[in-house]
Structures are given as structure tokens and as C-alpha cells.
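This report describes a protein model, going from the whole chain to single parts. Please look at the sequence and the structure before reading on.

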Amino acid sequence: MKLWKKNKPGNGISRIKKVPAVCLLFLLCLGFFAGAAVEGVFELNVYRRELKGNHVAEDETIPDSAVKIEQVSSQENQEEAASKVVSIPLKERYIHKLQYTYKSQENFTAEIVIDTKNIYKNPESRVLKEAVTKHLQTSVVNIDDYVTEINLLVPEEVEIGAFTILNGWDWNWYRVFYVGGFAFLILCVVVYRKEFALRIENGFLVIVLTAGLLFLAVQPPKCNTWDEHIHFKKTFYWFEEGEVQQSTAESYIYHNPETLDGAPFLSKEEKRLQIEYLNEHTQEPADVITKEANPLNAVGELHMALVVKAAQALHVPFYVQFLLGKMTNLFLYAFLMYWAIRIVPVGKKFLTVLALMPTMMLQATSYTYDIVVSACVILGFCMIVEEFYEINRKITWKKQVLIGLVFLVGCCPKPVYMPLCALMLVMPKEKFGSKTQMYICKGAAALLSVGMLMTMILPAAGGSVEADPRGGATNVGQQLALVAGHPIGYFIVFLQNFFKTANQYIFGFDSLTGLAYAGRHPFDYLIAIFCVGVALTEQKKRMVLTKKNTIFYKGLLAFLIMIVIGLVWSALYICFTPVGSTSISGVQPRYYIPLLFPVYMLFYNCKMEAKWKEENYNMVMFLIILFITHTAMHQPFFVPYCL
């Protein structure tokens with residue numbers, strides 16, 4: 001059995017070295033052993049620190065007599081809720097984790113002050129804030145430091161006790177697979193550098209699936225991206241209509257999405273308790289909700305809904321259902337982008353980089369239809385670009401239908417991107433077998449573009465589209481009337497808002513660095529430099545078009561990109577912005593993701609490229625991608641939820 005094989009491009013046909021699948025399995029085992037070795041060294045070091053000061057490396061219950069509780073009253077603000085401080089003085093010692101139990105009628109925030117010493121042996125304090133949920137009743141906090149005293153500030157009505165120092169042996173399988181996964185990917189990039197140089201899409205596939213599954217594992221069991229709880233609800237009730245019984249687990253996920261404060265977990269133990277809670281309440285009934293008929297944009301959640309429905313029919317635990325839905329989105333994204341990278345004749349490296357950036361990876365492992373939109377629009381656009389470079393090959397009816405279908409599926413959730421399909425209008429006549437075929441193809445592209453936009457414009461004009469109350473004093477009808485009455489004024493408002501953000505959203509690549517509620521990528525500047533560097537230096541291929549056709553192609557592409565950008569801003573102005581505002585609300589950098597590759601093609605030329613050896617170039621590129629992926633996962637997700 002062979003992993004893959006590829007004919008080497010050139011005058012002759014020669015096959016590259018065949019790579020046995022057993023080699024891939026061997027690298028996987030090496031990665032696992034590397035992860036186990038790192039975890040073993042880490043645990044031995046923790047064990048050494050626990051033994052310092054003649055202490056024992058085992059769990060230790062703190063006696064009640066050693067715990068002091070004092071009431072705290074606020075003289076400055078009488079409206080603040082009463083609170084209390086729980087103090088635990090200690091003889092200086094290393095503490096791996098602190099566990100305590102609590103009872104509360106409401107969720108609350110615990111402020112944990114840890115007195116320790118800095119590197120110069122001077123006293124200092126650090127503060128942890130934990131958003132505690134009422135249903136878990138047990139909290140486990142990572143301390144991982146030498147401690148002289150611990151103080152917890154909690155609401156007065158919270159019952160708290162049973163403090164335990166967890167200094168026992170704590171083998172962490174999350175760390176084993178995290179380190180092992182990245183070790184495996186690094187080995188693959190180095191060992192398969194020649195194969196990835198010839199088939200870069202294979203390198204993409206290995207990285208997106210391995211890193212994507214790791215991303216799924218380290219995320220909290222909550223909705224943690226933009227509006228994910230809304231897409232979660234639509235996915236789980238896709239096939240329902242009318243009154244629907246919601247389980248306790250489903251209700252919890254929907255009503256407790258992650259916020260800017262983060263998920264309420266500070267350790268892998270709390271994450272495990274949360275998963276157990278969800279699984280124990282998979283079948284327990286909670287709320288009865290009303291599910292309306294699916295709108296057009298629900299097409300973007302159908303693939304996840306099918307898998308979740310099958311999992312529910314098999315009565316698998318809720319958390320497995322939850323992960324399977326996200327995993328389905330990852331696999332669909334990997335499949336669509338794999339084919340986009342494979343078929344596009346130019347910009348393969350740039351497209352690979354875009355597809356593996358933090359925002360794309362986060363969304364690919366979430367409940368969202370944005371992945372369907374981005375991947376289908378990019379794939380459809382790449383299919384059109386392929387035809388411009390294969391100028392001597394006639395476009396088939398099958399290819400024309402497939403391009404239209406891919407755009408149609410991708411634009412059902414967000415029709416604003418449909419104008420990109422109109423790039424077919426400048427397809428040279430030499431590409432068609434007859435004038436009839438050309439007229440049908442270009443006419444269908446124009447009708448499809450206009451028709452999809454009408455599905456968005458006509459309901460808004462007819463008053464059947466509701467404004468988003470999150471935007472403030474919004475009103476679709478009044479805003480449309482304002483725009484219609486002052487078209488020049490609105491055009492100026494649009495230009496001001498667009499140019500104010502264009503540098504960050506398009507050329508600064510803010511669209512690829514966002515991690516939703518986890519903030520921005522810690523090296524966002526690196527991503528911008530890296531993407532631009534790849535765009536400028538990867539080897540180029542000249543488009544075989546006449547000068548006249550090239551001008552038409554570039555001109556129409558620029559026009560279509562601006563039309564899409566205008567539609568994105570206008571849609572948010574109509575539905576999400578207070579009436580009469582000169583500042584457009586709700587436009588986020590991620591909305592530019594489907595446009596980044598078209599913008600690249602707009603500025604594409606063959607005047608600059610690198611002459612490096614392909615296998616070395618790709619190896620360095622993939623290693624940088626792995627570094628970016630690691631830094632996107634480690635501090636924002638792995639540290640708070642998997643230690």
C-alpha cells in the first residue's frame with residue numbers, strides 16, 4: 001500500500017520515489033514517543049519540586065483549622081455584593097494544583113491571589129480570575145509555583161471548603177498528544193520535503209487534519225468562536241420544526257457561550273468535569289423551544305447536521321456528538337481546500353498559507369457556515385482561474401455546471417460573494433466549443449450572480465428582513481430609505497469606513513490573525529510579513545492571454561472585488577448599524593477571507609520570484625506555518641484547558 005505517488009512535471013514522465021504508508025506510521029510512533037518523553041521529563045521535574053522542603057509528592061488535604069475566612073465590606077461602593085476572603089497561609093512549598101469544593105445558586109467569579117517569590121527571591125503576588133459555574137461544584141486551579149499564602153475572594157453566599165493540594169503524579173495525555181502531534185508534523189515536513197515540493201496539497205492535507213484534530217482536542221467543551229452558539233443550535237435542530245424539546249446539555253451549550261472573559265476552566269480536571277456533566281445530561285429534558293423553517297443560509301450547516309443526527313440516532317454521549325459536528329466541518333474544509341490548492345495553476349503556496357492560518361483553522365474546528373462560504377468561494381474562483389491558464393483546453397459543460405454549483409452552495413449563507421462568479425464573463429471565446437455554449441455559460445453566470453443577490457436585496461426591500469438588535473437602534477426600512485434618499489452621502493460614508501480599515505483588514509491580514517474570544521494571534525505581525533513574503537517570492541507562471549484580454553480580466557476582477565466589498569459593508573450598514581450613523585458597525589476582518597486570493601490574483605505578476613530549491617522552500621514555509629499554528633493553540637487554548 002502506497003501513501004501517494006506523483007508524476008514529475010517536465011518533458012518526460014518520471015515517477016518520484018514511492019513512499020510506503022508504513023513510513024508514515026513509523027513517524028507517527030516517533031512523534032508519540034517524543035510526546036511521552038517530554039511529558040515524562042516534565043513530570044519528573046514537577047516531582048522533584050514537590051519533594052523540596054521534606055514534603056511528599058501526593059495529594060494533601062488542608063485542615064479546616066488552617067483556613068481563615070474573613071468578611072469584606074466595601075466602604076466606597078455600598079451597592080457591591082458582599083464578599084469574603086478565604087486565606088490559606090503556608091510554609092513556603094511548591095504546589096502543583098489547588099482543589100476546592102463550593103456550592104452556589106449562581107455563577108460567580110473567584111479572584112485567587114497567590115503570594116510567591118520572584119526570580120530574585122523577593123515577595124510578589126499574582127492574581128488568577130476564575131469564572132466559576134454553579135453546576136460543577138468542584139474547582140481545580142493550576143498553581144505550579146512555590147507558594148507562601150493563597151487568598152480567594154468570593155461572594156459571601158458561596159459555601160467553600162475541602163481545600164486539597166494536588167501534588168500527586170499527574171500524567172497529562174493532552175501534553176503527550178500535543179507534543180507528539182507537532183513532532184509528527186515536523187518529521188513529516190522534513191522527511192517528505194521532496195514529495196511536498198511536487199504535491200504541496202498533500203502537505204496541506206497532513207497538516208490541516210493533524211493540527212485540526214489537535215485543535216479540537218485542546219478547545220474547551222463550549223462554543224468559542226463568533227456566533228458559534230447560534231450555528232450550534234441551527235445544526236442540532238436542522239431537521240426539526242415547531243416545538244422542540246431541548247436537552248439540558250444542549251441548553252447549557254447554547255446559553256453559556258464563551259465570552260471575552262474566557263471559558264470557566266483553569267485546568268484539565270475542570271474540563272473533564274464539564275464533559276462529564278454534559279454526557280450525564282444528554283437525554284435529560286430542559287427547555288421547549290420553537291424552531292422555525294430553515295432559511296437559505298442553513299445550507300451551510302447541513303453537513304454537520306447530518307452527522308450529528310446520525311450520532312443522536314446511535315445514542316452516543318453528547319460530547320461525542322458535539323465533537324463529531326465540529327470534526328465534520330474540519331473534514332469538509334480539508335477536502336474543499338485540498339482540491340482548490342491542487343487545481344489552481346498559480347499561487348499554490350500563497351493559497352496553502354492562507355488555508356492554514358489561525359482564523360481559518362479555528363473556524364474549521366467550530367460550528368459555523370463561514371467555512372463553507374470561504375472554501376466554496378475560493379474553490380469556485382480557483383476553478384475559473386484554472387481555465388484562464390489552460391487557454392488551449394476547451395471548457396466542458398460539466399466544468400461550467402460544477403463552477404456554478406460550487407458558488408451556489410458557498411453563497412447560500414452569504415450571497416454577497418456571488419459576484420465573483422461573474423468573472424466568467426471575460427472568459428476568452430477560444431475556451432468554448434461554440435458561440436452558443438459561450439452565450440449560455442456567460443448568461444448563466446450573470447443570471448446566477450444577480451439572482452443570488454436578489455435573494456438578499458428583495459427581502460430587505462420588502463420589509464421581511466429584521467435588523468440585528470445587537471447593533472443598537474437599527475431599522476432596516478428606515479436605513480434603506482436613508483440610503484435611497486442620499487446615495488452620494490452613503491457612498492462617501494462607505495468609502496471613509498472602507499479606507500479606514502483596508503490596511504488592517506486586507507494588507508495587514510487581520511482577517512487571518514483573529515482567534516475570536518481568545519484575542520489575536522500573539523505574533524500577528526509575523527503572519528502579515530509571512531503571507532506577503534510568500535506571495536512575492538513563490539515561483540510564478542505567466543498567464544497565456546492577449547494584452548487586451550488581460551486588461552479585461554484584471555479590470556473586471558478589480559470591479560467585482562469592490563462590488564463584493566461594497567455589498568459586505570452595505571449589508572452590515574442596513575442590518576447592524578443604527579439609523580443615520582456615519583460609522584458602519586459589525587464588519588469584521590474575517591469577512592475579507594474569501595477575497596484574499598482574488599486580491600492576490602489582481603496584483604499577480606511574474607516580475608518577482610525566488611530561485612530557491614522547491615523542496616527547501618516548502619520545508620521552511622511549512623515549518624513557519626507549524627510555528628504559527630503552535631502559538632495560536634498553546635497559550636490561548638492548551639494552557640488554560642489542558643494543564
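## Charges

The protein chain carries 59 positive and 55 negative side chains. The centres of these two sets are 19 Å apart. The model is a predicted one.

## Overall fold

The protein chain contains 20 helices and 11 strands. Its radius of gyration is 28 Å, close to the 26 Å from the globule rule for 643 residues, so the chain is as compact as a globular protein of that length. Along the principal axes, the C-alpha atoms fill a box of roughly 90 × 65 × 50 Å.

Among contacts in the protein chain with a separation of 6 or more, 81% are between residues 24 or more positions apart.

## Surface and interior

Of the 643 residues in the protein chain, 52% are buried. The chain exposes about 29600 Å², and carbon and sulfur atoms supply 62% of that area.

## Helix H7

Helix H7 covers residues 268-280, which is 13 residues. From its first C-alpha to its last, helix H7 reaches 18 Å, close to the 18 Å expected at 1.5 Å a residue.

The buried residues of H7 include the charged Lys 268, Glu 269, Glu 270 and Lys 271. Leu 273, Gln 274, Ile 275, Tyr 277 and Leu 278 are also buried in H7.

## Ser 374

Ser 374 lies in helix H12, which spans residues 370-389. Its relative accessible area is 4%, under the 20% cut-off, so Ser 374 counts as buried.

Which residues does Ser 374 contact, leaving aside its neighbours within four places in sequence? They are Met 360, Ile 593 and Pro 594.

Key:
Residues numbered from 1 in each chain as written. Predicted model: local features only at pLDDT ≥ 70, side-chain atom pairs only at ≥ 80, totals over all residues. Heavy atoms only, no water. Helix = DSSP H or I, 4+ residues; strand = E, 2+ residues; numbered from the N terminus. Rg over C-alpha atoms; globule rule 2.2 N^0.38 Å. Buried < 20%, exposed > 50% of the residue type's maximum accessible area, 1.4 Å probe, protein only. Contact = heavy atoms within 4.5 Å. Areas by Shrake-Rupley, 256 points an atom, 1.4 Å probe, with all protein chains shown as cover. Charge placed at Lys NZ, Arg CZ, Asp CG, Glu CD. Expected span 1.5 Å × (residues − 1).
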